[in-house]
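Let's take a guided walk through a protein fold together. Have a look at the picture first, then read on.

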Amino acid sequence: MSRSATSTPATVEDCLRVGAGFSQGDRAWIAEQFATLDSQLATYHADATELEVLVKDRGARGQKVTLECWIAGQQKIVTTSTEEDLHAAINDVRDDLRRRLNDAKTRQEPRNNRHLRESTITDVISPELTPPLDETEPADEESAARSV
């Protein structure tokens, strides 16, 4: 899917599903917490993007919140948190997903593509463009430095 402007950009409201451990009543406050993800998701088409949040052992000491993100043409992104406070865990998985989406975006840009970066460097620093070094210049500089 193209990363250019889309006709129907993905938003948390359109793409979020609540899974195990959450009720539909929880969806509104979770969507509100995840609203800051809209700017990252907007570059993808709504029909090609899905988010699912679930919690295991809700309210128990070992609860685990998981946020899964599927974007067509990319690997699934899974973030988890074991924070004991549910709100803190929700914010933790949200922030981790934001970082992972930013990392995925920068990984696709040419400046972070090692193959493209190396070919660009060798094109800029090619031997035929580099002037030959004059053997007398360093000696002249050294003798000039000694006479001062």
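Contact here means that heavy atoms lie within 4.5 Å. Keep in mind as you read that this is a predicted model.

With that in hand, let's start with Phe34. This residue touches Val12, Leu16, Val53, Leu67, Ile90, Val93 and Arg94, leaving aside residues up to four places away in sequence. Phe34 is also, together with Val53, the residue that touches the most other members of the largest nonpolar core, which has 26 residues. Which elements build this core? At least two residues each come from helix H1 (12-15), S1, H2, S2, S3 and helix H4 (86-108). H4 gives the most, with six residues. As a general background, nonpolar side chains in soluble globular proteins tend to be buried together.

Now step back to the whole chain. The protein chain has six helices and four strands, and from the N terminus on they follow the order α-β-α-α-β-β-β-α-α-α. Buried residues make up 30% of its 148 residues. Among contacts with a separation of 6 or more, 52% are between residues 24 or more positions apart. The accessible surface comes to about 9,700 Å², and 51% of that belongs to carbon and sulfur atoms.

Next comes the sheet. Four strands form an open sheet in the order S1-S2-S3-S4, with mixed pairing. Strands S1 (16-18) and S4 (77-81) sit at the edges, each pairing on one side only. From one strand to the next, the twist averages 15°. Helix H2 (residues 24-34) packs on the sheet and touches S1, S2 and S3, and its direction makes about 140° with that of S1.

| Strands | Bridges | Direction |
|---|---|---|
| S2 (residues 49-56) and S3 (residues 64-71) | Eight bridges | antiparallel |
| S3 and S4 | Five bridges | antiparallel |

You can find individual partners in both pairings. Val53 stands opposite Leu67 in S3, while Thr66 has Thr80 in S4 as its bridge partner. The hairpin of S3 and S4 has five residues between the strands, and there Gly73 takes a positive phi near 85°.

Methods
Residues numbered from 1 in each chain as written. Predicted model: local features only at pLDDT ≥ 70, side-chain atom pairs only at ≥ 80, totals over all residues. Heavy atoms only, no water. Pairing = 2+ DSSP bridges. Axes fitted to C-alpha atoms, helices over the stretch in contact; angles between N-to-C directions. Core = buried A, V, L, I, M, F, W, Y, C linked by side-chain atoms within 4.5 Å. Buried < 20%, exposed > 50% of the residue type's maximum accessible area, 1.4 Å probe, protein only. Areas by Shrake-Rupley, 256 points an atom, 1.4 Å probe, with all protein chains shown as cover.
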